[in-house]
Amino acid sequence: MVIINLFEQNSESNDKNRPLAYRMRPGNLDEFYGQEDVIGPGKPLRRAIEADRVQSLILYGPPGCGKTSLAQVIARKTEGKFIRINAVTSGVSKIREVIDKASKNRSLHGIKTILFIDEIHRFNKSQQDALLPAVESGTITLIGATTENPYFEVNSPLLSRSRIVRLKPLKKEDIIKILKNALNNEERGLGNYNIDISQDALQYLASIAGGDARTALNGLEIAVLTTPPDKEGIIHINKNIISESLQKKLLKYDKQGDNHYDVVSAFIKSMRGSDPDAALFWLARMLESGEDPRFIARRIIVHAAEDVGMADPMALVVATSAANAVEYVGLPEARIPLAEAVIYIATAPKSNSVITGIDAALNYVKNNDTGEVPLHLRDAHYKGARNLKHGLGYKYPHDYPYHYVKQQYVPDEVTGTEFYKPGQQGREKKIKQRLDFLKNLNSNDDVEGK
């Protein structure tokens, strides 16, 4: 656990043995480049930071977009205690220790505590639950940083008490500003070196960094430190030097999940587009770069239901089986069931009727009178239910031909509303035929079942 104060931060920032990206973290809002839609002049979060009135936040975004830097800016601005822990190395006991100190500081000295948790998505449910009472009571103000979607990785009660702040990959022009600041800064950056960097090299570095300031700064640092000066002591940096410096570094960053969102998007779209080769390529790239296989399995499950759906319901079975295999056997063996699920889904017939159906139903429920449960559908198993006519008149489908009988299954207000509209692909074509048959079926017809 690290308690950060202004003096420690200055000391750490000035340590020349630390990476350039660490040293160049902004000390205030004026040094924070990018994210104008979140932290720009006049924005609510900026006003809250300037007034030292920050509420609990979950900072969500890709690596190098400024999550930790923004937390550091808040640390410098607050008059309270700022405590930083990492979810990888901290357990429930550490959390309780922080909460206990925060409670004493609040009750005895009137000092608030801001707790910054890096990689909060790595906390399990019990660890997140341990935070909840302190966040709810205001004993601590939580700032969590995560590269993963918090709606998947953070408990709902904790989310409901925090503001989700999504940070985007930095724009190219923001990266250039950060690089120029590092080149000119003599105290924390590379200003003491005699560097001549071409505009092409600068533009190239900003482009290939993919919105990641850390990647850009580390690439610049490698280029400067590994390029010998000429006879006049000038270090000349061109595009080729930047390219050579980044090749090694980008591979490392890819293994930590850089370009995470773009690669996942390409992976999903390849399966949706019925291209198994492309889907396997993106799967291999994610596995090779160290992506969490459980995250991959979750995306496969969602895709199976959303884009294959009832055209081939087995797709969801295969996807969930692959997810179970990931938990049981782990990598590298888990690559095989994951690949099987990807190939199955990519080659399966496609239909999005499931998602359009549930979304139509949700939209209806949100915007219309949903009525009451019809009496004949209500639970009739408890004492006194019959006196209330619960279940009276219900027709048991298995007592009728085809195990089907026409009766009303929705409130009067919803009668006649159609949500599920089956398509013509795969098994769904037969589903449509059966539904059409049942709609036209007279329950008194004496015919054989289908």
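A cavity is a set of grid points where a 1.4 Å probe fits but cannot get out. In this predicted model, the count comes to two cavities of 30 Å³ or more. The second largest cavity holds about 30 Å³ of space. Its lining consists of I49, D52, V54, I74, K77, T78, K112 and I114. By residue class, this lining divides into four nonpolar, one polar and three charged residues.

The lining of the second largest pocket comprises ten nonpolar, five polar and six charged residues.

Helix α11 covers residues 199–208, and its buried residues are A201, L202, L205 and A206. These residues cover an arc of only 130 degrees around the axis, which puts them on the same side of α11. An α-helix has 3.6 residues a turn, so residues three or four places apart point the same way. After α11 comes G210, with a positive phi near 65 degrees.

Helix α15 spans residues 276–288 and contains 13 residues. At 1.5 Å a residue, α15 should span 18 Å, and the separation of its end C-alpha atoms, 18 Å, agrees with this expectation. Within α15, the buried residues are A279, W282, L283, M286 and L287. Because these buried residues fall within an arc of 135 degrees when seen down the axis of α15, they line one face of the helix. D277 and E288, on the other side of α15, are exposed.

E221 belongs to helix α12, which runs over residues 213–226. Its relative accessibility is 13%, and E221 therefore counts as buried, since buried means under 20% relative accessible area. Leaving aside residues up to four places away in sequence, E221 touches R18, P19, L20 and R23.

D312 is located in a loop, between α16 (293–308) and α17 (314–329). With a relative accessible area of 16%, D312 is buried. When residues up to four places away in sequence are not counted, the contacts of D312 are with Y344, A348 and P349. D312 and L331 are 19 residues apart along the chain, and their C-alpha atoms are separated by 28 Å.

D129 lies in helix α7, residues 125–137. At 32% relative accessibility, D129 counts as partly exposed, because that category lies between the buried limit of 20% and the exposed limit of 50%. In sequence, D129 and V154 are 25 residues apart, while in space they are 9.9 Å apart, C-alpha to C-alpha.

Notes:
Residues numbered from 1 in each chain as written. Predicted model: local features only at pLDDT ≥ 70, side-chain atom pairs only at ≥ 80, totals over all residues. Heavy atoms only, no water. Nonpolar A, V, L, I, M, F, W, Y, C, P; charged D, E, K, R; others polar. Helix = DSSP H or I, 4+ residues; strand = E, 2+ residues; numbered from the N terminus. Buried < 20%, exposed > 50% of the residue type's maximum accessible area, 1.4 Å probe, protein only. Contact = heavy atoms within 4.5 Å. 1 Å grid on protein atoms, 1.4 Å probe; cavity = no way out; pocket = protein on both sides within 12 Å on 5 of 7 lines; lining within 4 Å. Points joined across faces, edges and corners; volume = space filled by probe spheres on them. Expected span 1.5 Å × (residues − 1). Arc of directions from axis to C-beta.
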